[in-house]
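Hi,

Here is the structure I promised to pass on. Have a look at it first, and my notes follow below.

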Amino acid sequence: GTSLTKEFEFRLFEGSGKEGDKNWLKFTSPRSVKGITLLTHSYPDRAPDQWMFLPAFKSVKKIISGSAAESFAGSEFSYEDLMPFTPDLYSYDLQSENRCGDHSCLIVEAKTKAGIQSAYSKRVIWMEKNSGQIPQIEFYDKTGFLIKRCEFSRYQIFRNRILRPGIMAMKNLKTNITSRIEIRDNKFAMG
């Protein structure tokens, strides 16, 4: 198969309390997408807001909640998939405990709470019991059908407390196409 590489810079600005986090993702190559920027402002008690800057049109477009399920930049990731995970927007149910590789994983079902819009009816999160690492998340459509699976690997710990994956691979189970995000240089603001 063919592959297309798109490079981008990602920055996360951690907020506190009701302020929420802000992050932006700015494409640096290839030239066809260079400068396209996605800004996300998450909140602890409601769905995030997103805007996209399109340099070719010199304009900013607000991503409305109904568009959050659309493909981001032609990838298998949607706008919603790139939003920070806000735990308070979901209800949780421990489904089981299974082996995942050499580890024991908790299998947790996360359903979006009433009043919160999402492209998914639920997410099933596999979380390593001892480390807290998440090797995969399964995404189910509104009819309850498994449609995508994101696998996370090459975890690193930053600033002695921030656990982040180095690779995220989203597979569309309908088309069998995978999009991969590889994070090469994590930097966190100090102070």
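A quick definition to start: I call two residues in contact when they have heavy atoms within 4.5 Å of each other. This is a predicted model, with local features needing pLDDT of at least 70 and side-chain atom pairs counting only at pLDDT 80 or more, while totals for chains, interfaces and linings use all residues. Residues are numbered from 1 along each chain as its sequence is written, and side-chain values use heavy atoms, with hydrogens and water left out.

Now to phenylalanine 139. Leaving aside residues up to four places away in sequence, phenylalanine 139 touches Asp81, Tyr120, Lys122, Arg123, Phe145, Leu146, Ile147, Lys148, Cys150 and Met170. Phenylalanine 139 counts as buried because its relative accessibility is 4% (buried means under 20% relative accessible area, with a 1.4 Å probe and protein chains only).

β9 belongs to an open sheet of seven strands, in the order β6-β7-β8-β9-β10-β13-β14, with antiparallel pairing (two strands pair if DSSP finds at least two bridges between them). β6 (90-100) and β14 (177-182) are the edge strands, each pairing on one side only. Within that sheet, β7 (residues 103-112) and β8 (residues 122-128) run antiparallel, joined by seven bridges, and isoleucine 107 sits opposite tryptophan 126 in β8.

Elsewhere, β1 (residues 7-13) and β2 (residues 22-29) are antiparallel with seven bridges; glutamate 7 faces serine 29 in β2.

Cheers

Notes: Buried means under 20% relative accessible area, exposed over 50%, partly exposed in between (1.4 Å probe, protein chains only). Helices (H or I, at least four residues) and strands (E, at least two) are DSSP runs, numbered from the N terminus.
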